[in-house]
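Keep the viewer open and follow along, topic by topic.

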Amino acid sequence: MSNAIEIRGLSWRPGKSFALQALDLAVPEGAIYGFLGPNGSGKTSTIRLLLGMARPQGGTMTVLGDRVPGDLPRILARTGYVPETPHLYPGLSVTEVLAVHRAFFPTWDGAWAEGLRKAFRLEPAARVGRLSKGERGKLLILLALAQRPELLVLDEPTDGLDPVVRRDVLTAVLEYVSDTRATVFISSHLVHELERFCDWVGVLENGSMLAEMPMEIFKNEIKRIRLVGAPVDPPPGLPFTLLGRHSSDGMAAGETWIVRGWEDGMSETLTAAGARVREVVHLDLEEGFVELLRAARPEVWGGRNGPESGLPPAPRTVAERRRGEG
Amino acid sequence: MTIFRQLLFLHWKGVRFGLLPLALGAFGLPLLAVQGVLPGGEIERTSTVQAAYLFHSLQLWLPLFPLLATLTGATLALSAWNWDHRGDHVYALSLPLRRWEYVLMKMGAGILLLLIPFLAFWLGGVLATSSLEIPEGLRAYPTAVALRFLLASLVIFAILFAMGAGTLRTAVWVLVTILAVAVLGSSVPEFLRGTLFPGMPPFDLLEWVLQAALGWPGPFEVMTGSWMLVDV
């Protein structure tokens, strides 16, 4: 399977306080890729670099097989983009916005655009500047979809929208994807929302990719284990990755470990080290996401195991983890 | 062509409320300039007196012609980028066009819109001069002055359009550079003459730059040349 988006070693430092650091990212063709990260982690910056709106200091990027920035017009003609902040001209009516936008996209589907406009209940004569936030969000999605793009890049498309509008917007996207097999790259910090329909997930924190893998693996790999008699130092050669550990509240001599790569039967390794596994808790995407962030930057995200704990750093991607295991 | 038409439409939507009064002004200004010398006045004039009276009347209004051209160029240039800046250029940058194509088309749209006040000015000039009894030896130049108006607007439009295409930081840097040249260009040669090089001839960089810009073949010569609707 080829990748619709491929980023290798992307570096960008717009100021002193933030930098994207050798970012690697791959979005398989036809995937719905959830690009997760807390506010300020670099999601929007990555998207802007990807669409040629800023120049990186290093690295390579290809989108739909074409290189950024060399083939940008070809890429942008096949990409529907919904930015984080609405950017439409406020003086135009909905009809005028559609007329202007269609001029740039030869693949524009006028009939479908009109159908979406009616479905979204957008008045043709309404001025963009007077639309509600939800209506503007729907108009942006309409513009991106009616281009009939091969790739949809959605930057926090539902941020600040009410649940009804969110559902309208996401339903329209999913219907389009099921019809066309287009690739979707959607950034958000609303984790539970992405969990329902993404099949790939990447977690960005402070300009670095913490993890990138299929959603099912992400949801099944990160677990919370409650232990009694846990050794002070983790035994060498653990078959899983220990992301973090802390004392379990209200459990005498108990500890909670956050691990990745846990499989049934691994408790024997811990038993051999003198510990007893009391419980293995499957984490959903949101819990796994939070634990990943805590493990990556405990001083920021409130985990108790800082770098001084001596725990090994979490592998960044599936491929890297495999390389590490090999 | 479809894209250009849409960019023209966008510019028109953004500037129409500013452009229409300017076009009206461009139409009315030549008429106002000759108002005092329209036929039917009470003074019995000889050809020489009439010519002097005409020149005097026109000269009173002359400074307003380049001023209006400047306002027209500036309005169109700044409105060209207004919406782009407000949206942080995100919309334009997400369109499948190379940046230079977008900028060129935007500039073309602005120049096309400049033709509205130009035509209004030309029409006003033609009407104004045709209503005059032009003394012997003088000629009306409504087309030449209208072309000067167009050229002057175009110069201002092009400069401000280029500045507006960049970020606010770029614009600030350009202004700071101009200011620095103005201040240092005047004070440094004077300081050197007073201290290290007493024999150095007086030199004012700012004055030199202004002369180069305002005189032929400087870009602003079009502002300082003749704007007389009626001349020898």
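In this predicted model, helix H1 (residues 2–33) of chain B and helix H3 (residues 64–86) of chain B pack at an angle of about 175 degrees. Angles over 145 degrees count as roughly antiparallel, so H1(B) and H3(B) are roughly antiparallel to each other. Their axes lie 9 Å apart.

**Helix H1 against helix H3 in chain B**

- On the H1(B) side, the contact is made by His11(B), Gly14(B), Val15(B), Gly18(B), Leu19(B), Leu22(B), Gly25(B), Ala26(B) and Leu29(B).
- H3(B) contributes residues including Leu64(B), Phe65(B), Leu68(B), Leu71(B), Thr72(B) and Trp83(B).
- Sorted by class, this contact of H1(B) with H3(B) holds 12 nonpolar and 8 polar residues, with no charged ones.

**Helix H7 against helix H8 in chain B**

- Helix H7 (residues 168–194) of chain B meets helix H8 (residues 205–214) of chain B at an angle of about 130 degrees, and their axes are 7 Å apart.
- That angle makes H7(B) oblique to H8(B).
- Val181(B), Ala182(B), Gly185(B), Ser186(B) and Pro189(B) of H7(B) make the contact with Leu205(B), Leu206(B) and Val209(B) of H8(B).
- The residues of the contact of H7(B) with H8(B) comprise 6 nonpolar, 2 polar and no charged.

**The sheet of chain A**

- Chain A has an open sheet of 6 strands in the order S6-S7-S8-S3-S9-S10, with mixed pairing.
- Strand S6 (79–82) and strand S10 (208–214) of chain A are at the edges with a single partner strand each, so one side of each has no neighbour in the sheet.
- From one strand to the next, the twist averages 15 degrees.
- Strand S3 (residues 32–36) and strand S9 (residues 200–205) of chain A run parallel and are joined by 4 bridges.
- Within S9(A), Val203(A) is the bridge partner of Leu36(A).
- Helix H1 (residues 43–50) of chain A packs on the sheet, where it touches S3, strand S7 (151–155), strand S8 (183–188) and S9 of chain A.
- The direction of this chain A helix H1 makes about 145 degrees with that of S7(A).

**Where chain A meets chain B**

- Between the chains, 16 residues of chain A are in contact with 17 residues of chain B.
- On the chain A side, helix H2 (72–77) and helix H3 (94–104) of chain A are the elements that give two or more residues.
- The residues on that side of chain A divide into 13 nonpolar and 3 polar, and no charged residue is among them.

How values were computed: Residues numbered from 1 in each chain as written. Chains lettered and ligands numbered in written order. Predicted model: local features only at pLDDT ≥ 70, side-chain atom pairs only at ≥ 80, totals over all residues. Contact = placed C-beta atoms within 7 Å. Nonpolar A, V, L, I, M, F, W, Y, C, P; charged D, E, K, R; others polar. Axes fitted to C-alpha atoms, helices over the stretch in contact; angles between N-to-C directions. Parallel < 35°, antiparallel > 145°, perpendicular 65-115°, else oblique. Pairing = 2+ DSSP bridges.
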